[in-house]
Amino acid sequence: MITELQQTNTTCPYCGVGCGVTVQYQAGEISPTANLTTAQTGSVQPVAGMQAHPANFGRLCVKGSALHETIDHTDRLLYPTMNGKRTSWDKALSLVADKIQQVIHTHGPDAVAFYGSGQLLTEDYYVANKLMKGFIGSANMDTNSRLCMASAVASYKRSLGSDTVPGNYEDLEKTDLLIMVGSNAAWAHPILFQRIVAAKKANPAMKVVVIDPRRTATCDIADLHLAIRPGSDTFLFNALLTYMDQSNALDYSFIHNHTDGIAEALESASASSATFEELAQPLDVSSSDLNLFFEWFRDTPKTVTFYSQGVNQSSAGTDKANAIINLHLATGRIGKEGASPFSITGQPNAMGGREVGGLANQLAAHMDFSAAERDLVRRFWQAPTIAERPGHKAVDLFNAVKEGKIKFLWIMSTNPLVSMPDADDVKEAMKRCELVVVSDCMANTDTTAAAHVLLPAASWGEKNGTVTNSERRISRQRGFLPSPGEAMPDWWIISQVGRRLGHEEAFNYEHASDVFDEHARLSAFENNGKRDFDLSGLVGMSRSQYDALAPIQWPVNDQYPSGRARFFDDGHFYTATGKAKFINVEARLPEVHSQGDLVMNTGRIRDHWHTMTRTAKSARLGQHIAEPYADIHPDDANLRGIKHGDLVEIHNERGHIIVRAQVINDGRQRKGELFVPMHWTNRYASKARMGTLIAKTTDPISGQPELKFTQVNARPFNTAWQGFILSRKDLGPLPADYWIYGVTETGHGYEIADRESPLALIETLKARLPEGDWITLSDPSHNHYRLALLTDGRLQAVIFIHQNYDFGARQWLIERFNDETLSANDRKALLAGRPLGKQADKGAIICSCFQVGENTIKNSIQQGCSTAEALGEALKCGTNCGSCIPELKALIQREALATNAADAMTAE
Ligand SMILES: Nc1nc2c(c(=O)[nH]1)N[C@H]1C(S)=C(S)[C@@H](COP(=O)(O)OP(=O)(O)OC[C@H]3O[C@@H](n4cnc5c(=O)[nH]c(N)nc54)[C@H](O)[C@@H]3O)O[C@H]1N2
Ligand SMILES: Nc1nc2c(c(=O)[nH]1)N[C@H]1C(S)=C(S)[C@@H](COP(=O)(O)OP(=O)(O)OC[C@H]3O[C@@H](n4cnc5c(=O)[nH]c(N)nc54)[C@H](O)[C@@H]3O)O[C@H]1N2
Ligand code: SF4
Ligand SMILES: [Mo]
């Protein structure tokens with residue numbers, strides 16, 4: 001039966017841009033017990049960008065546009081489990097509550113800890129924070145935002161008196177000088193990046209400066225790229241402050257009226273400043289580039305500094321951010337149209353987490369631990385036992401677990417065994433803990449594997465609540481699917497434990513809107529303009545008003561009933577004096593905490609989200625970059641005998657990983673440094689958890705770990721053979737030194753390699769695969785094996801193994817799994833990997849939206865398409881989300897270079 005299409009507007013669950021998403025689906029088609037496979041989610045149509053959402057105005061990036069491909073139920077955690085066995089909600093919740101009670105009774109409240117996530121909805125986060133800090137009575141609730149935003153929060157608070165993002169997205173478009181520091185927004189905040197691209201096109205006078213040791217896709221729009229030495233940012237910003245002072249280019253009236261401490265800040269800045277020539281040393285960039293940048297900054301009042309993890313994830317992250325804020329205060333460039341320091345958030349609800357007080361050094365609703373604030377929150381919550389002091393920050397929290405000080409740990413919506421520094425030590429800590437509870441929507445994460453109790457959480461599309469994006473805009477996430485199995489929303493799970501601990505009244509919520517209302521009331525409670533975070537205008541909404549809530553920027557109160565676009569435009573700050581504070585920052589390079597002669601930088605790729613639990617479900621997203629890798633400079637590679645495409649072992653005293661070497665010949669990667677993506681886990685790779693190599697060095701103020709600066713060594717990882725497997729069936733982890741797993745459009749795929757003969761592996765695979773007819777071609781002397789398995793003429797698996805890594809694209813083979821019966825010709829061609837008499841296929845997918853491959857694009861370039869626009873017209877690539885445009889341009893450039901080189905050779 002065909003039913004009418006229904007439509008829901010919701011918010012993307014990935015990055016902090018917070019795009020609105022419109023979902024269409026056939027109502028009534030999906031029952032909670034349905035075991036949805038990707039094919040069955042057909043009743044949910046491809047999602048679209050929400051036209052009216054002020055973050056994206058109808059656009060979505062690749063990850064957002066693939067959302068409907070990630071909602072199937074494969075790998076979902078469906079039922080509560082205890083020690084691997086299914087149990088009832090009632091038993092699981094009682095066990096959790098009883099253990100918390102017993103631990104409090106025996107060891108005190110500080111032996112209990114929660115570790116949450118910027119991917120919880122505000123309502124989930126609020127309830128978790130309230131339970132911990134008001135009812136368990138400890139502040140040992142920290143979150144993965146410690147790895148992400150802690151330095152940004154600390155620096156805003158130090159200087160502005162509150163954790164307040166001054167500006168908004170429009171400022172990125174209205175500015176004349178956009179400085180992007182430690183941000184690869186082209187991949188990490190693609191829709192904002194597209195907005196910037198469009199603004200720059202409309203205003204060719206607008207300049208973009210990118211400050212990043214790597215030349216990333218973001219540099220595609222840079223008028224100037226400063227490839228600074230890792231960790232040297234503060235030298236740059238201190239020197240710029242000194243330069244502005246010496247050029248008499250500071251805003252003296254703003255400084256006088258609205259700030260304190262300029263003299264000391266100038267003095268400490270000048271201590272690390274120097275002439276351009278001298279500065280070029282610590283920064284490792286040319287003095288002429290520095291000069292140009294400083295002149296642009298001096299001459300452009302409308303400046304936005306947009307910064308992300310290259311700033312925050314550093315042992316000097318708070319200082320780096322304060323050096324940036326100092327500059328904006330000294331020039332009065334804050335809270336004005338097109339002029340602000342702007343820390344961009346990463347997770348969809350990092351901001352919501354900050355609002356509820358989800359970090360261990362916050363209490364609630366932008367209040368901390370002063371006696372007055374504790375009293376206020378205690379009265380509001382009618383809390384029996386309010387936390388007295390800040391709790392452990394993430395790294396210390398897991399240390400305390402390891403030392404046996406924390407006996408009960410509840411991890412919600414985060415995967416610390418992959419994302420924390422020294423990740424194997426976190427594993428060890430969890431092993432020693434008396435009870436570890438994990439709430440996740442997925443069953444097979446590295447962290448769920450190490451827990452005693454698993455609680456199934458409802459996921460995006462199933463849950464209801466709010467998130468706040470990077471510009472303080474609150475948007476609704478609305479459910480449109482029933483949850484599978486017995487999965488429940490996080491706020492419900494936590495409230496049930498609260499009730500079982502004897503706090504029925506305080507956790508008596510029936511709907512996410514009840515929680516939101518309380519959160520809004522707390523923000524307004526005895527506020528009277530004292531605190532920036534104020535949702536008094538949203539108090540008392542009915543459930544239907546909550547359901548209909550349109551995106552709005554906080555605060556929402558009498559003064560700003562429709563939200564406030566910018567803070568500090570009135571020169572008022574939330575410090576005791578009402579003035580902003582300059583912070584004395586001393587520039588220093590990161591210290592060495594590991595053994596190795598290369599520096600490993602880590603971060604994101606375009607199409608995966610963190611530990612891949614959801615993005616890895618989409619074959620389309622897996623195609624852009626299929627394997628974990630290390631970008632390496634050619635000199636570093638040569639020195640170590642590493643060739644492009646080799647497997648390499650990256651190691652230090654903490655551990656080792658095996659990834660594919662990408663020798664970067666075009667200057668994008670600095671010498672002496674590597675870049676490794678953060679995403680691959682034990683579910684998707686044999687050995688790629690790069691967090692196992694990273695030391696637990698943290699910023700002394702924010703506690704944020706230094707995740708982008710680790711000494712490592714690299715050497716070739718020589719194997720006897722390499723190969724790939726395609727299979728209709730998921731074959732699980734493989735007994736091979738190297739394997740990478742991913743889904744394909746028609747099943748499952750593996751890259752594999754090993755130091756031993758492949759025969760044992762082939763036998764294992766045969767045992768895991770169904771019975772059928774094997775077609776085989778082999779040359780054991782070269783470890784060369786090609787096998788295909790058919791049942792009733794239908795392809796079940798192919799295994800290609802060779803001592804040299806020389807396999808072409810697999811697209812043709814992947815598509816053969818669609819054939820009900822293979823044609824005689826295709827059957828013959830199987831072990832060649834391509835149709836008889838034809839050349840390779842479309843190649844690695846560059847444009848995920850329209851599935852356009854590298855070979856197709858190269859063909860069109862050779863036929864005369866010389867701009868990204870022309871390619872778009874010919875092939876549609878780059879015309880939807882635009883995320884691949886930097887790569888299209890790079891391909892055009894590379895093809896031009898190749899043609900020039902060929903011409904030169906002919907001329908000779
Ligand atoms: N596709 C995708 N998008 C995402 C995410 C994802 O997983 N995938 N995650 C989201 C989250 S939670 C976050 S926090 C954001 C992060 O977004 P970004 O911060 O933009 O991403 P990263 O790749 O972590 O790091 C940014 C850059 O910092 C540079 N860097 C390293 N060291 C230094 C330094 O010392 N100084 C300077 N100036 N730069 C340095 C790195 O070379 C890197 O290019 O992305 C969000 N968006
Ligand atoms: N080396 C290095 N390490 C890093 C970084 C880096 O750049 N380099 N970046 C850091 C940063 S900025 C971040 S934000 C972290 C991210 O790291 P993590 O937070 O560890 O990574 P995620 O994969 O986002 O984990 C989210 C988990 O929550 C589950 N989940 C999804 N939705 C829900 C839900 O509604 N409820 C529940 N209960 N669970 C849900 C997912 O299945 C997944 O297991 O990594 C940090 N670690
Ligand atoms: S930019 Fe992409 S990942 Fe980020 S919110 Fe928008 S659609 Fe989602
Ligand atoms: Mo993040």
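How many residue pairs are in polar contact between domain 1 and domain 6, with both residues at pLDDT 80 or more? The count is one. A polar contact here is a pair of N or O atoms within 3.5 Å; within protein, one must be able to donate a hydrogen and the other to accept it, and residues adjacent in sequence count only if both atoms are side-chain atoms.

Some ground rules. This is a predicted model, in which local features need pLDDT of at least 70 and side-chain atom pairs count only at pLDDT 80 or more, while totals for chains, interfaces and linings use all residues. Residues are numbered from 1 along each chain as its sequence is written, chains are lettered from A and ligands numbered from 1 in the order in which they are written, and side-chain values use heavy atoms, with hydrogens and water left out.

Now the domains. The protein chain is divided into six pieces, including domain 1 (2–70) and domain 6 (845–907); the bounds come from an automatic or database domain assignment. The contact between domain 1 and domain 6 takes five residues from domain 1 and six from domain 6, where contact means heavy atoms within 4.5 Å. These two domains bury about 360 Å² between them, 54% of it on carbon and sulfur atoms. Buried area is the accessible area (1.4 Å probe) that two parts lose on being put together, summed over both. Arg59, Leu60 and Val62 supply 81% of what domain 1 buries against domain 6, more than any other three residues. Across that interface the rule finds zero salt bridges, a salt bridge being a side-chain nitrogen of Lys or Arg within 4 Å of a carboxyl oxygen of Asp or Glu.

The whole structure, by contrast, has 62 salt bridges. One of them joins the side chains of Asp90 and Arg500, at 2.4 Å from N to O.

Next, the ligand. Ligand 1 is surrounded by 34 residues, counted when a heavy atom of the residue lies within 4 Å of it. The closest are Asp212, Gly231, Ser308, Arg604 and His608. A nitrogen atom of ligand 1 is 3.1 Å from a side-chain N or O atom of Lys63. Backbone atoms take part too: an N or O of Ala188 lies 2.7 Å from a ligand nitrogen, and a polar backbone atom of Arg606 is 2.9 Å from one.
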